[in-house]
Amino acid sequence: MNARKLIPLTLFWGARLGLGVLGIAGLGLVISSVTAGSSKPLYQMDAKGLPLIPAEQQVVQRADRLQNPEAVIPPQCYTDTQGQFNPCYTCHQSHEFFKGQTARFNVMNDGSLQGSYEFSDVGVKNHWRNLFEDNQAFIAAISDKAIMDYIAQDNYSSLAGRLKAEGFEGYIPDLKNFAYPEQAFDSDGLAKDGSAWVAFNYKPLPSTFWPTNGNTDDVLIRLPVHFQNLNGVFNRDIYFLNLSLVEMSIKQKQFLDIPPSDETQLRADIDGDGELRGVVTKLAWRSSFFGDAADKATAILQYPLGTEFLHSVRYIGLSGDGEIVTPPRMKELRYMKKHRQLSAGQLKARYIAESVEKDGGELPYYPYTKANGFSNNYGWSLIAWIEDSAGELRQQSYEENLFCMGCHSTVGATIDQTFSFARKQDGVKGWRYLDLRGMPDAPALGQQDGEIAQYLEWVNGGDEFRENQEMLASWFTSEGQLDKKRLKGMDVYQLITPSATRAMALNKAYLKVVREQSYIYGRDAVLKPVKNVLAEVDPETQTPLQESKRRINWDIRLNWPKEAQ
């Protein structure tokens, strides 16, 4: 709790609930919203014009038991599909194999879970009660200036020092200026501080991470030091060649455009023509990596041992001219590291064991340590930080961290338990900090229609819950049909970013979760109580998704047009 002197002023402001915040000019006083017809303030406000939630009303994390033992089931899985609207396919997939491609190591093949509501006895109850909160009064209590000032604050840079001071033994964020991407990365996405983190430009997965639904974010990758070096010294060309080989592995490509690299200087046949020809801009798939990692074999559909990902989830920023941008303030910071390389047989055995456990109604279990977070049983460890009630990043509790495991363990859509890198723009254009402007709505691999257009049509809305009224108004007719003509010529930025008004409302709504510390009850930015979500699932009476509406063999990878490569 951020201790500030509170000024308990009240004011009847209009004839409706929770209208706005007033400041007394020159006095520095902040007046809270009030209930219509009452002198009792809805919220006390801090000196910066933001509502406070008393400590006794904040959620206390319990170490002795879980509020939600099925925290791995995300809120989106409780969507009422009404038997016909399918947002489930982006996670739950079964795959046939395209000609010439290696069979996937991910053999979860859970496409049958699309809209089937096959939950455990614990999971049939929707524990994400924040979905049903009406946050209008809280939103109205905050001025746009107050929330803009809040999200403009850097809450990342102090985290490393605090972790060191408390003797934290796990990963300590080591990227300088991450709050300000333009200071942190060069034009190719490489960190300027020598940390070897690399930002890449990718298409956000439908639809939770679309800015219009409440978040901006970014993802970085880092390979172990021997993948970065040549003869013990960092070599930029070697590093990007090895990163490109990892990209080819995940995307199963035989050739890829790369930054100009000199074969004679590196003494390596890069383009696969059997000769050393000087500068080349195309990389051919090969059996081993470059430089000091030359003794490491490349592997299809797997990241090298020691690969790291850093993912920041942020508020929705606005530039001076009203453009949607990534602001300094982070909602969450998430870190993954591959600590074990499993064989195809080992992975298959673990997927089979997971299926047997689920069929038996067993609750999920993952090894956990405070220093490293959870092991997902597939070779990766995951740990994360989230805002405390004052907005500083703190380590997520056991239950809060458990939430991450649903998507990064056993869903059929992932490649080596990850999503984003498979969705990177191909080749050179993908090596830069995330920028949705000018990015085409590329189809999913094996599909014809733009992926966003396809999602809007299959879901019949702009989010899993079909609650995003702005997306409905923008891209659908008054009869509720997708208007494909409106989508023509639109880039990803135009398709999935919100108006300034909606962006501010989403930021304010999320702040309520922060002040309450109620993440275990849901961390979606909810404006009003959702309607198309089930509070509880009755397996006997709930209408399952029609078989004809299931989308099997959908791939998270994308078929980028040549001009986008």
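Which residue lies over the face of Y150? R329 does, at 3.8 Å from the ring centre. A charge counts as sitting over a ring if NZ of Lys or CZ of Arg is within 6 Å of the ring centre and within 35 degrees of the ring normal. R129 provides another case: its charged end sits over the ring of Y521, 3.6 Å from the centre.

The model is predicted; local features need pLDDT of at least 70, side-chain atom pairs count only at pLDDT 80 or more, and totals for chains, interfaces and linings use all residues. Residues are numbered from 1 along each chain as its sequence is written, and side-chain values use heavy atoms, with hydrogens and water left out.

The whole structure holds 33 aromatic pairs. Rings of Phe, Tyr and Trp (its six-membered ring) pair if their centres lie within 6.5 Å; planes under 30 degrees apart count as stacked, over 60 as edge-to-face and the rest as tilted. Y43 and F138 form an edge-to-face pair, 5.2 Å centre to centre, with 85 degrees between the planes. Y43 lies in the loop between β2 (29–31) and β3 (44–45), and F138 in helix α1, so this pair ties together parts that are 95 residues apart in sequence. Helices (H or I, at least four residues) and strands (E, at least two) are DSSP runs, numbered from the N terminus. Both Y43 and F138 are buried. Buried means under 20% relative accessible area, exposed over 50% and partly exposed in between (1.4 Å probe, protein chains only).

F227 and F289 also pair edge-to-face, at 4.8 Å centre to centre and 80 degrees between the planes. F227 belongs to helix α5 (residues 225–228), while F289 is in the loop between β10 (279–284) and β11 (308–314); the pair therefore ties together parts 62 residues apart in sequence. F227 is buried, with a relative accessible area of 2%. F289 is buried too, at 5%. Elsewhere, one aromatic cluster is formed by F200, Y202, F234, Y239, F240, Y303, F309, W380, F421 and W431.

The backbone was then considered. Most residues other than glycine have a negative phi, and most peptide bonds are trans. P206 and S207 are joined by a cis peptide bond, with omega about -15 degrees. S207 is placed in the loop between β5 (198–199) and β6 (216–222). Q417 is not a glycine, yet has a positive phi of about 65 degrees. Q417 lies in the loop between α9 (398–402) and α10 (451–459) and is buried at 2% relative accessibility. R466, also not a glycine, has a positive phi of about 55 degrees. R466 is in the loop between α10 and α11. Its relative accessible area is 8%, so R466 counts as buried.

The second largest pocket contains about 670 Å³ of space. Its lining has 33 residues, of which E467, R502, V526, L527 and K528 are the closest to the centre. A pocket is an open set of points on a 1 Å grid over the protein atoms alone, where a 1.4 Å probe fits, with protein on both sides within 12 Å along at least five of seven lines; lining residues have an atom within 4 Å of a point. Helices α1 (136–140), α11 (469–475) and α14 (500–516) each supply at least two lining residues. The largest share, six residues, comes from α14. By class, the lining has ten nonpolar, eleven polar and twelve charged residues.

How values were computed: Grid points are joined across faces, edges and corners, and a volume is the space filled by probe spheres set on the points. Ala, Val, Leu, Ile, Met, Phe, Trp, Tyr, Cys and Pro count as nonpolar, Asp, Glu, Lys and Arg as charged, and the others, Gly among them, as polar.
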